[in-house]
Every structure is written in C-alpha cells, then in structure tokens.
Amino acid sequence: MVRGLGAYLLLAMLWLSTESAHAQIDVDATVKALRLRNGITGGLLPVSDPIFANMVTRVQAGDLYGAALLAANSRYFADYLARRLALQMQTPALDETGMTDNDATAFLIAHFTGAAGTVPRLSTIFSENATYLVVDSSGQPVHAADISFEEGLNINWTQMVRINGQEDATGFVLPVKHVGGYLTLSDRPNDNSFAIFGATAGTNLRMIAGFWEIATGLTLMDVASQAATVQQVPRFVPSFDPNFFVGQGQPACMSCHAGGMVSLDHGYSTVANTFDVTGDGFIFVQNSTTGSKKSLGSDRGARGRVQTCNLSRTPTPVCNPESPDVDPNNSWNVAQTWQQSGTLKAMGWVGPTQGQGLQALGYYAAQSWIFYQNLTQRVIGELCPLGTFSETEINRIAGAANPWADPAGTDDIRTIVAMVAASPGCL
Amino acid sequence: MKIRIAITVALFATGCSDHLKGQRRPEVGIAVAPVSIKGNGLGNAGPVQPVSGGVNTLGVTVPTARASIGRIENALEKRAPASTGNFARAIAQVRTNLPRVSNPKEASGFDQVQLLSYAACSDLTRGTNPLMQSVYGIQPGSSIANNEAALIAAGRRILDQNAAGLASQGPAATQVTTVLTNLVQAQAASGSNTSTMAFMAVCIAATTAGATLLGI
C-alpha cells in the first residue's frame with residue numbers, strides 16, 4: 001500500500017511536469033480543456049464524452065469561452081457546480097457540508113441551468129412562484145428530498161418538472177405576495193432548506209438577514225448604520241438596554257435593528273409574522289395572533305407583554321415602546337437609512353425602493369448590481385480561488401449576466417461560469 | 001388544484017396591471033422575462049473587491065467531495081458505480097471527511113480519496129469473472145509476471161480517463177509507464193503477492209492520481 005501511495009504521488013508529480021507538446025496529442029489544448037472540465041463539472045464530465053472532444057477543438061480554435069460554455073451547458077455542471085452553489089445557499093454560511101437536496105435546491109438548480117422547458121433565470125430566484133420536482137430513476141417526478149444520496153449521484157438535474165405555485169408543509173398554497181422563490185420552499189421538517197433555517201423558532205430575524213447576506217454577500221455590519229430611529233427597531237428589542245442607542249464595547253443595538261438588515265424597514269415585516277416552523281415543517285401563518293407573532297419576540301408566553309410594553313410594570317418587559325411593530329401589510333422601504341448611508345448606492349440598487357411582501361422585495365433585490373457581482377465573486381471562489389481578477393473584470397462578467405443592465409445580460413449563471421473559467425486570470 | 005389555477009390566473013391578471021418604474025413585476029416570476037433598464041450601465045454598480053490569490057497559481061483547485069467521487073467513477077469507466085458495492089459503503093463512511101472547498105489553501109481530506117479508490121478498485125476484483133479480468137485482461141489465477149503488460153496497460157488506461165489520453169500519449173507517457181512498471185515489478189518481487197493484489201496497487205495509484213489532479 002505504501003508503494004501504491006508513492007506511485008500515485010510520483011504519477012501526479014510527473015503529470016504536473018508536462019513540458020513540451022507531444023506528436024500524438026495537442027497537449028496544450030487538452031490540458032486547458034481538462035482544467036475547464038475539472039473546474040466547471042468537477043471532473044464529472046467523462047473525457048470520452050463528445051462534449052470534451054468539442055471542448056478541445058474550441059480551445060484549439062482559441063475559443064476558451066466557447067469551450068467553457070460547453071462544459072457549463074452539460075448536465076455535469078448541473079450535477080456538480082450548480083448543485084454545489086444551490087446547497088451552499090441554504091444558509092448564509094454558504095457551506096454545503098451536511099446539506100441535502102430539497103425543493104429549494106432543486107428550484108435553484110432549475111434557475112441556474114433551465115429545466116422543464118424553462119430558461120435559466122437568475123433574476124427570479126427570490127421571487128418565482130413555482131416548485132420544481134426532480135425525476136427519479138423510475139421516471140417519476142418527486143421532491144428532491146425524497147432522493148437518497150446514492151440515487152442523487154445519478155439524477156439528471158437538468159430534467160425537472162415545474163409546478164406553478166408553492167405550498168407550505170401542510171399543503172396550504174402560499175399567497176403570491178409572500179412567495180420568496182427558493183426562500184419559501186420546504187415540504188417537510190428538517191430538510192436543510194433555507195426556509196427551515198430562517199423560520200425555526202426565534203423571531204425570523206435570521207430569515208431576513210440570511211436573505212440579505214446570501215443575495216448581496218454583505219455581512220450584518222457592512223450595512224449597519226446608527227443614522228436610524230428608534231421607531232425602526234422591532235418591538236421586542238429592549239430600548240432600555242445600555243447598548244441600545246450607543247454601543248459600549250459592541251455595536252449599538254440600533255445599528256442593525258434600525259439601520260441594518262434586520263430593521264423593520266428593510267424587509268423584516270415581510271417575514272416576521274408570516275412564516276413559522278412547526279412539527280409539520282415550514283408553514284405559512286394564515287391567522288396571525290398576538291401569541292403567534294414572532295415580531296413580539298421569541299418567547300411565545302411573553303408576546304402579550306411585549307405588545308403592551310408597559311415599562312412601569314415589574315418585572316420590566318423586554319420591549320421597545322416606540323416601535324410600531326411590523327407593518328401588517330408587510331411593507332418595506334430600503335431607502336430608509338440605506339439611501340443616506342450609501343448602502344443602496346453600494347448595492348447598485350436600481351429598482352423601486354418601497355413595496356409590500358417578500359416576493360416584491362426579492363424581485364427588486366435581484367435587480368441590483370451587487371447580486372450579480374456577488375455571484376461572480378462566488379464563482380471565482382469556486383473555480384479560481386487563487387486567480388487574479390480586477391474590479392473591472394468582475395464588473396464586466398457581472399454585467400454580462402445582469403439582465404437589467406444596459407445592454408442586457410443573459411440572466412444565466414453559466415455566462416458567469418464560462419467567463420470566469422476562461423479568464424486569463426484563471427486559466 | 002382548482003384553487004391554485006384560479007389564484008395563478010388572478011395573479012397573472014394582477015401582475016399585468018402592476019407597473020413600477022416601467023418594469024412589470026411578474027407574479028409568476030419566470031413566466032415574464034426581465035427587461036433591460038435603459039441607462040443601467042456599470043456606472044450604477046457599486047464597488048467590488050478584486051480577487052488576488054497570488055502569483056502563478058491561477059486555476060488550481062481541489063476536487064471537492066462530489067468531484068472526487070465522480071472522478072473515481074470516471075477513472076474506472078463507471079464500472080464501479082458510487083451507488084453500490086464497497087465504493088458506496090466507503091463513501092457513506094468517509095464522505096464528510098472529503099475536501100469541502102475547492103481552495104487548495106483551505107481544503108483538507110485528500111487522504112480519504114485514496115481510501116475511496118481502494119474501495120472502488122476492490123469492486124473490480126469481485127466475482128468469478130471479475131472486471132479486472134473482463135475489462136483489463138488481467139488473469140487472477142496467473143502470476144504477476146505473466147500479467148505485467150496488462151497491469152501496466154490498466155494503470156495507463158485508468159489514468160487516461162481523468163487525463164484525456166495524456167498518460168499514454170502525452171509528453172510524460174514514458175515516465176508514466178516507467179513508474180507503473182516499477183510498481184508492478186515491486187509487487188512481483190514479493191512471492192506471496194497475487195495478481196489481484198498487484199492490480200489493486202496499480203488501480204489505487206492510477207485512480208487516486210487521476211482523481212486528485214489540481215487543475216493539471
């Protein structure tokens with residue numbers, strides 16, 4: 001066995017020491033095609049597949065982008081990188097470790113590669129009102145969470161069935177205003193979906209913060225601002241806390257809860273009292289009551305006291321009496337604070353700054369430049385973590401995919417993948 | 001279902017009357033294509049951090065867990081499927097230890113790839129007419145010396161599957177053959193070794209080498 005290991009190391013070293021072209025094979029073109037294949041499909045694309053031969057031909061013709069696009073358009077990209085990106089996006093940690101396939105990941109893969117007769121569409125991953133089922137080995141459409149790990153290795157992720165609408169775990173059809181694309185897809189408990197991550201227990205702050213972090217690549221503190229008012233803070237945040245207005249050895253509570261991702265104005269109203277996770281799984285809250293309102297804190301038994309918020313009572317309720325609580329119409333206004341702080345400009349926000357409901361928020365967030373810049377950065381991190389990309393190059397690639405740009409981009413992550421992989425800073 | 005269809009139709013109608021800044025907001029998302037916003041050039045984009053991973057490293061990446069499994073399958077021409085046999089059992093045991101990220105500076109778990117190769121290769125030695133015989137022409141009952149040519153050819157063939165023929169036709173082809181020859185002869189030098197054991201050594205070496213290529 002030790003000799004075997006030594007041999008493999010020696011083989012690998014020999015491999016890296018290629019120096020000159022060989023008469024029987026175009027070494028340079030083959031090596032470049034292999035690198036594209038290994039990065040874009042993880043090496044899942046067999047070199048015996050005609051696609052690989054076409055990639056070599058494209059490289060020989062000097063068309064690196066075309067060669068990369070061949071790999072990106074193959075089913076192996078869907079199985080590897082698209083699936084990997086989708087699994088990562090179930091939490092803001094963007095780590096696929098331990099994640100499993102579910103309706104949300106299937107939805108994302110469908111939007112990355114196109115499926116069920118639909119074209120790839122990045123711009124609606126936070127807003128499309130649909131559910132995608134994968135086709136199992138017997139040809140039946142099933143929820144992705146029904147696929148075993150072993151079966152998942154052989155699934156063709158470009159073959160899916162699209163169903164209009166989204167249902168919660170009890171079968172209730174989500175009102176379209178509250179649909180958040182993949183954010184609101186989960187058909188069972190503990191399916192590792194973003195919905196379960198965001199709406200389990202707590203106050204659903206995790207859900208809105210997770211949305212912003214995944215969509216923009218920014219962190220909580222990147223967009224925190226103290227130039228906000230106490231009325232923008234959720235009602236369960238105690239305004240008498242010594243760190244509320246001015247942080248002492250920590251950021252002020254207000255900087256995030258009023259001026260940041262978890263402000264009442266920045267989308268918290270779209271999720272706070274709308275979603276929950278019960279024993280059934282992710283559910284839409286059809287009839288909100290004081291006891292069910294997460295905007296009044298994570299302690300169900302204390303929500304009545306938070307709503308009343310009489311600070312003269314003993315014990316003092318943990319609350320913010322100045323807060324109007326979340327808007328019952330689920331309104332959001334990202335211009336509040338973020339216009340003044342420059343956050344909207346940094347995001348390249350070009351859509352309306354106010355609206356109602358998660359679907360509208362997700363739709364317009366995906367119009368911002370930062371969404372496409374962030375995806376470009378993530379793809380670079382996957383394909384060329386040690387490469388070199390200037391700000392100009394990253395923006396050029398992001399612009400090529402941004403369908404809202406002038407001129408319009410492709411709305412297709414495979415454009416980003418192929419441009420990154422074929423960039424001189426990578427290959 | 002009727003309710004869903006009714007809602008969908010109603011929402012389509014609502015969406016068609018909902019205009020904000022000239023952009024129609026699609027209630028069903030993918031049914032309506034996005035429209036370029038006039039004047040929305042790169043000047044509207046905010047700052048973005050450039051990427052600089054160092055000098056002369058470019059596209060070097062590590063195969064992650066899924067990539068490692070797929071490359072081993074390809075190395076053996078999908079004759080040892082990851083969903084069955086020892087390969088599947090080994091994956092279940094070690095998959096969480098495999099590299100999680102593609103960044104060579106951050107990845108760990110490469111050693112597990114060799115374990116998976118071991119398991120996958122062993123699946124080719126099972127049965128009365130094992131795949132090592134029917135596919136690679138190695139006679140289990142014959143000596144290593146008699147199988148030497150077939151064993152070396154098997155190693156090249158396996159490596160070629162992740163190297164697009166460069167193992168047998170590339171500039172290092174002679175050296176690859178030399179390494180494999182030395183490996184096989186070293187196996188033959190021990191009298192108690194069988195051809196199956198020699199095949200396992202060759203298979204593990206070639207599969208692991210091919211599966212763990214960093215870029216190339």
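Me: Does A164(B) count as buried or exposed?

Reply: The model is predicted, with local features requiring pLDDT of at least 70, side-chain atom pairs counting only at pLDDT 80 or more, and totals for chains, interfaces and linings using all residues. Residues are numbered from 1 along each chain as its sequence is written, while chains are lettered from A and ligands numbered from 1 in the order in which they are written. A residue is buried if 20 or more other C-beta atoms, placed from the backbone, lie within 10 Å of its own, exposed if 12 or fewer do, and partly exposed in between. Because A164(B) has 25 C-beta neighbours inside 10 Å, it counts as buried.

Me: Where does A164(B) lie, and what is its phi?

Reply: Helices (H or I, at least four residues) and strands (E, at least two) are DSSP runs, numbered from the N terminus. On that basis A164(B) sits in the loop between α6 (148-163) and α7 (166-169) of chain B. Although A164(B) is a residue other than glycine, its phi is positive, near 50°.

Me: Does A201(A), which has a positive phi without being a glycine, count as buried or exposed?

Reply: A201(A) is placed in the loop between α8 and α9 of chain A, and its phi is about 50°. Because A201(A) has 11 C-beta neighbours inside 10 Å, it counts as exposed.

Me: Which residue just after α6(A) takes a positive phi?

Reply: Helix α6 (residues 103-113) of chain A is mostly covered, with 11 of its 11 residues buried. These buried residues pack against α5 (75-88), β1 (130-135), β3 (160-164), α8 (194-199) and α18 (413-422) of chain A. Just after α6(A), a positive phi of about 85° is taken by G114(A).

Me: How many residues of helix α15 of chain A are buried?

Reply: What covers the buried residues of α15(A) includes α9 (205-216), α11 (268-271), β6 (331-333), β7 (354-356) and α16 (369-383) of chain A. Among those buried residues are L358(A), G362(A) and Y364(A). Helix α15, residues 358-365, is mostly covered, and the number buried is eight of its eight residues.

Me: At what angle do the axes of α16(A) and α17(A) cross?

Reply: Contact (C-beta atoms, placed from the backbone, within 7 Å) is made by residues including W369(A) and Y372(A) of α16(A) and I394(A) and A398(A) of α17(A). Axes are lines fitted to C-alpha atoms, for helices over the stretch in contact, and angles run from 0 to 180 degrees between N-to-C directions. The axes of α16(A) and helix α17 (residues 391-401) come within 8 Å and cross at roughly 115°.

Me: What is omega at the peptide bond between T314(A) and P315(A)?

Reply: P315(A) lies in the loop between α12 (303-308) and β6 of chain A. The bond that joins T314(A) and P315(A) is cis, with omega about -5°.

Note on methods: Contact = placed C-beta atoms within 7 Å.
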